[in-house]
Amino acid sequence: LKQRNFDLEALEKRLLALNPQNVMKRGYAFVRKEDKVITAAADLNSGDRIDIRFYDGEISSIVE
């Protein structure tokens, strides 16, 4: 039972580390273009309107 409890605690820590909100607290952000998550700079062109979501809020921007 002690080993199972230890394993469960380890899994909980891993889940917390991967939680998107906690990842964003470390300085990462989600970039979206027309509700599609952008994962590469090549997916954007000059003049595209994007939304950037940070841990504490969201802004809109235009790619140069």
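Let's start with one side chain: arginine 32 is partly exposed, with a relative accessible area of 22%. Here, buried means under 20% relative accessible area, exposed means over 50%, and partly exposed lies in between (1.4 Å probe, protein chains only).

A word on the ground rules before going on. This is a predicted model, in which local features need pLDDT of at least 70 and side-chain atom pairs count only at pLDDT 80 or more, while totals for chains, interfaces and linings use all residues. Residues are numbered from 1 along each chain as its sequence is written, and side-chain values use heavy atoms, with hydrogens and water left out.

**The sheet**

Four strands form an open sheet in the order E2-E1-E3-E4, with antiparallel pairing. At its edges are E2 and strand E4 (57-62), each of which pairs on one side only. Strands (E, at least two residues) and helices (H or I, at least four) are DSSP runs, numbered from the N terminus, and two strands count as paired if DSSP finds at least two bridges between them.

Let's walk across the sheet from E2. Strand E2 (residues 36-37) pairs with E1 through two bridges in the antiparallel sense, and valine 37 is the bridge partner of arginine 32. E1 and E2 make a hairpin with two residues between them, and glutamate 34 in that turn has a positive phi of about 55 degrees.

On to the next neighbour: strand E1 (residues 30-33) and strand E3 (residues 49-54) are antiparallel partners over three bridges. In this pairing, phenylalanine 30 stands opposite arginine 53, and valine 31 stands opposite isoleucine 52.

Six bridges then join E3 to E4, and these strands also run antiparallel. They form a hairpin with two residues between them, and arginine 53 stands opposite glutamate 58 in E4.

**The salt bridges**

How many salt bridges does the model have? The count comes to three, where a salt bridge is a side-chain nitrogen of Lys or Arg within 4 Å of a carboxyl oxygen of Asp or Glu. Here they are:

| Side chains | N to O distance |
|---|---|
| Arginine 32 and glutamate 58 | 2.9 Å |
| Lysine 33 and aspartate 48 | 3.2 Å |
| Glutamate 58 and arginine 53 | 3.7 Å |

Take the salt bridge of arginine 32 and glutamate 58 at 2.9 Å. Arginine 32 belongs to strand E1 and glutamate 58 to strand E4, so this pair ties together parts that are 26 residues apart in sequence. Glutamate 58 is partly exposed, at a relative accessible area of 39%.

Next comes lysine 33 with aspartate 48, at 3.2 Å. Lysine 33 sits in strand E1 and aspartate 48 in the loop between E2 and E3, so the pair ties together parts that are 15 residues apart in sequence. Aspartate 48 counts as buried, at 13% relative accessibility.

That leaves glutamate 58 and arginine 53, which meet at 3.7 Å. Arginine 53 is partly exposed, with a relative accessible area of 35%. Which residues are linked in a network of salt bridges? They are Arg32, Arg53 and Glu58.
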